[in-house]
Amino acid sequence: MLWAPVLLQGVSFAWAASKGSHWTYEGAHGQERWQETYPDCGWQAQSPINIQTESVQYEPSLPPVEPEGYRSPGTEKLTLKNNGHTVQLSLPQTMRLHGLPRVYSAVQLHFHWGSQRHTGGSEHQVDGRAFPAEVHIVHFNSEKYANLSEAKNQADGLAVLGIFLEVGDSENPAYSHILDHLKDIRHAEQEISLSPFNIRDLLPAHLGHYFRYNGSLTTPPCYQSVLWTVFHLPAHISAAQLAKLQKSLHSTKEEETLQLSLVDNFRRPQDLNHRPVLSSFPAAPSGYSAGKIVAIIFGVFLGCLSLFLAGWIAAKRIREKTRQDQKGVVFKSSSPRPVTD
Ligand SMILES: *[C@@H]1O[C@H](CO)[C@@H](O)[C@H](O)[C@H]1NC(C)=O
Ligand SMILES: *[C@@H]1O[C@H](CO)[C@@H](O)[C@H](O)[C@H]1NC(C)=O
């Protein structure tokens with residue numbers, strides 16, 4: 001099987017030559033080397049990040065995110081495409097986002113996920129925990145810019161909604177609109193048209209609880225132009241739906257002889273470099289593991305026990321002292337009084 005890696009390299013070199021700027025998540029063109037071709041990927045305000053709830057700043061004035069036109073996104077067909085890096089759904093500009101410093105218009109949404117061999121798959125993490133997948137809904141600042149290409153490398157150009165996906169008991173029909181069609185776009189560059197459907201239902205139920213920070217695109221060219229909104233609560237899909245995401249797609253074109261699975265398309269968390277991360281809600285550290293809880297309960301128990309013991313010992317001493325004093329009194333009172341007269 002020695003020839004396999006050689007062949008693999010051959011394929012990626014051929015691809016690199018044809019596209020000029022090929023990148024992958026692992027290997028010779030992997031994420032540690034993106035900055036050689038795309039310098040912004042090595043800058044100081046990159047995404048994704050590990051959101052540490054202990055150091056998040058609660059900002060009560062942050063309003064809920066208000067999507068407009070998400071429930072009925074027009075009448076034109078939406079394009080679902082396997083672009084070799086992810087599965088991406090085009091969105092109409094009539095879908096807008098309010099509740100941010102500017103009004104933003106939607107462009108596309110796409111997914112990041114893992115594989116059945118590893119845990120994890122989301123790009124953002126909360127207290128070091130990754131979710132099985134993450135959806136990004138990409139918007140551009142339409143108050144200031146004409147389109148995505150104009151906005152994408154401007155500091156105030158983009159706003160992305162991040163939605164964690166978690167496995168639940170039931171199928172999520174909103175996600176079926178996308179996941180049921182992956183079998184039609186198994187290979188890179190394949191696309192199909194979908195009738196518009198309710199995009200609001202892809203979001204978590206409550207839009208008031210989120211994390212907010214300034215970061216970047218999570219793929220090359222990694223422009224630092226994104227105002228991030230990462231929802232605290234995940235949306236749920238079934239295990240079978242997650243399996244469709246993990247098993248349906250190839251990152252290679254149909255005609256290629258060596259086919260590669262499109263899996264593990266998530267970037268590792270990037271250094272925060274002292275950027276503030278705000279929360280719209282009081283975020284308690286969610287990392288209370290069973291071990292920590294046991295330790296806390298044990299600590300409180302020990303504390304109570306030592307207080308009780310201290311009290312008991314003190315009470316005992318006082319009792320002993322009182323008894324001795326009383327003995328003294330008894331002795332004194334029973335002693336013959338000196339007769340003075
Ligand atoms: C974006 O807008 C600019 C300015 O109006 C225009 O020149 C350009 O062709 C547009 N690009 C796309 C991809 O529509
Ligand atoms: C993001 O950057 C802008 C421009 O520098 C700044 O005004 C804003 O407060 C930053 N937002 C957050 C959440 O850090």
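A salt bridge is a side-chain nitrogen of Lys or Arg within 4 Å of a carboxyl oxygen of Asp or Glu. Keep that rule handy for the first exercise.

The model is predicted: local features need pLDDT of at least 70, side-chain atom pairs count only at pLDDT 80 or more, and totals for chains, interfaces and linings use all residues. Residues are numbered from 1 along each chain as its sequence is written, chains are lettered from A and ligands numbered from 1 in the order in which they are written, and side-chain values use heavy atoms, leaving out hydrogens and water.

**Exercise 1.** Find what joins R129 to E166, and describe where each residue sits.

*Solution.* Step one: check the distance. The closest N and O atoms of R129 and E166 are 2.5 Å apart, and the two form a salt bridge.

Helices (H or I, at least four residues) and strands (E, at least two) are DSSP runs, numbered from the N terminus. R129 lies in the loop between β8 (125-126) and β9 (133-141), while E166 is in strand β10 (residues 158-167), so the bridge ties together parts 37 residues apart in sequence.

Step three: look at exposure. Buried means under 20% relative accessible area, exposed over 50%, and partly exposed in between (1.4 Å probe, protein chains only). With 43%, R129 is partly exposed; E166, at 17%, counts as buried.

Step four: widen the view. The whole structure has 10 salt bridges, and E26, E32 and R268 are linked in a network of them.

**Exercise 2.** Work out which cysteine is the partner of C41 in a disulfide, and whether the pair is buried or exposed.

*Solution.* Begin with the bond itself. A disulfide is a covalent bond between the sulfur atoms of two cysteines. The rule used here asks for a pair of cysteine sulfur atoms within 2.5 Å. C41 and C222 pass, with S to S at 2.1 Å.

Next, locate them: C41 is in the loop between α2 (34-37) and β1 (50-51), and C222 in the loop between β12 (210-215) and β13 (226-231), 181 residues apart.

**Exercise 3.** Locate the salt-bridge partner of K244.

*Solution.* The side chain of K244 meets that of D180, N to O, at 2.8 Å. K244 belongs to helix α5 (residues 239-247), whereas D180 is in the loop between α4 (173-179) and β11. K244 is partly exposed at 33%, and D180 is partly exposed at 31%.
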